[in-house]
Amino acid sequence: MPDQNVKGWNDGGAAQTGGIIIQAMDVVKTYDTGYSKVPALKGVSLSVERGEMVAIMGPSGCGKTTLLNCLSGLDDIDSGQVIVDGTDINRLSDNAKTEYRARNMGFVFQVYDLLPILSAVENVELPMLVSGTAAKATREAAMRALEFVHLANRASHRPAELSGGERQRVAVARSLVNQPAIVWADEPTGALDSTNADDIMNLLRELNESSSQTFVVVTHDSKMAAYAQRIVYMVDGLIVDEKRTAHAKQPSSPTPEQT
Ligand SMILES: Nc1ncnc2c1ncn2[C@@H]1O[C@H](COP(=O)(O)OP(=O)(O)OP(=O)(O)O)[C@@H](O)[C@H]1O
Ligand SMILES: [Mg+2]
């Protein structure tokens, strides 16, 4: 559990409540390798409410990573529309997209993509350097984020001097240091044992509950997905089903069509 004095550390950053923050409409994405075409997303529509924690599940190759990349603007789409917090991200230039992501989004990947030559705290600082924050404020925010994931005592360790679970907690700290409105996580527990996996999912849920940050978490593990408020199921490039879990904040919240 986070300490009381750090629990509200990210108050104010993403603090806006209610409404749809991610709206994807009929998103189509086909990979063309030159010798074959793979229809990875065949018309996906998805709405995510601000402050929601959504898990995306489905078999290997069904398009989960592609969906995350297309919703976050990491990858281009062929057709459809993705509106993030009122911004049509595909209308932004590449530079504007990168800037938008740096300011508004955090990322956690399956393999903790930390830079090996940097210490834990320096890795956590990276997103803030991109957004041009002063060095002192950056270090303070990075240390607060490391405290939140219980790793303040490992701040000077390089990734090779950390356990797998600790590395992933550094990656979580890095994803939230900028107080982004949205955190995207692609199999964040994929490389961890079940104790470390539960720790990470508990952390994500605590963050989600203590702030109004929105989390979209890809996992193929139904135990991990159960930490979310809603589980969206994909098969073969399409969303085929969804269900609310025991953690749903508003079991009877309106469907996107009703808002
Ligand atoms: N860069 C690429 N070029 C061509 N095809 C790709 C590319 N990336 C993914 N694909 C194909 O698109 C489909 C969807 O891939 P994606 O990575 O989104 O699946 P996934 O659901 O994340 O799978 P996993 O659970 O294994 O990570 C797959 O059939 C994959 O082979
Ligand atoms: Mg994937």
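**Burial, sheets and a ligand shell in a predicted chain**

Modeller: Of the 259 residues in the protein chain, 44% count as buried. The model is a predicted one, in which local features need pLDDT of at least 70 and side-chain atom pairs count only at pLDDT 80 or more, while totals for chains, interfaces and linings use all residues. Residues are numbered from 1 along each chain as its sequence is written, with chains lettered from A and ligands numbered from 1 in the order in which they are written.

Biologist: Why is Ser72 called buried?

Modeller: A residue is buried if 20 or more other C-beta atoms, placed from the backbone, lie within 10 Å of its own; 12 or fewer make it exposed, and values in between partly exposed. Ser72 has 23 other C-beta atoms within 10 Å, so it counts as buried.

Biologist: Where is Ser72, and what is it in contact with?

Modeller: Ser72 sits in the loop between α2 and β4 (79-84). Contact requires C-beta atoms, placed from the backbone, within 7 Å of each other. Leaving aside neighbours within four places in sequence, Ser72 is in contact with Arg101, Met105 and Trp184. From Ser72 to Val82 the C-alpha to C-alpha distance is 8.7 Å, at 10 residues apart in sequence.

Biologist: Which open sheet do 4 strands form?

Modeller: The order is β2-β1-β4-β5, with antiparallel pairing. β2 and β5 (87-88) are called edge strands, because each pairs on one side only. Between β1 and β4 there are 5 bridges in the antiparallel sense; Val28 has Ser79 as its partner in β4.

Biologist: What is the order of the open sheet that 6 strands form?

Modeller: That order is β6-β7-β8-β3-β9-β10, and the pairing is mixed. Its edge strands are β6 (105-108) and β10 (238-244). Strands β3 (residues 53-57) and β9 (residues 230-235) run parallel and are joined by 4 bridges; one of the bridge partners is Ile231 in β9, facing Ala55. Helix α6 (residues 164-176) packs on this sheet, touching β6 and β7 (182-186), and its direction makes about 170° with that of β6. Such angles run from 0 to 180 degrees between N-to-C directions, with axes as lines fitted to C-alpha atoms, for helices over the stretch in contact.

Biologist: What makes a set of residues a nonpolar core?

Modeller: The members must be buried Ala, Val, Leu, Ile, Met, Phe, Trp, Tyr or Cys, joined through C-beta atoms within 7 Å. The largest such core has 69 residues, and Ala145 and Ala173 have the most contacts inside it. Helix α7 (residues 194-210) gives the most to this core, with 6 residues. In soluble globular proteins, nonpolar side chains tend to be buried together. Contacts of Ala173 beyond four places in sequence include Val124, Ala145 and Leu146.

Biologist: Which residues of helix α4 (residues 120-130) are buried?

Modeller: Among them are Ala120, Val121, Val124 and Met128. The buried residues of α4 pack against α3 (94-104), α5 (135-148) and α6.

Biologist: How many residues surround ligand 1, and what makes a residue near it?

Modeller: A residue is near a molecule if its C-beta atom, placed from the backbone, lies within 6 Å of it. There are 13 residues around ligand 1, of which the closest are Tyr31, Ser60, Lys64, Thr65 and Thr66. The elements giving two or more residues to this shell are β2 (37-49) and α2 (64-71), and α2 gives the most, with 3.

Biologist: How do the residues of that shell divide?

Modeller: They are 4 nonpolar, 8 polar and 1 charged. Ala, Val, Leu, Ile, Met, Phe, Trp, Tyr, Cys and Pro count as nonpolar, Asp, Glu, Lys and Arg as charged, and the others, Gly among them, as polar.

Terms used
Contact = placed C-beta atoms within 7 Å. Pairing = 2+ DSSP bridges.
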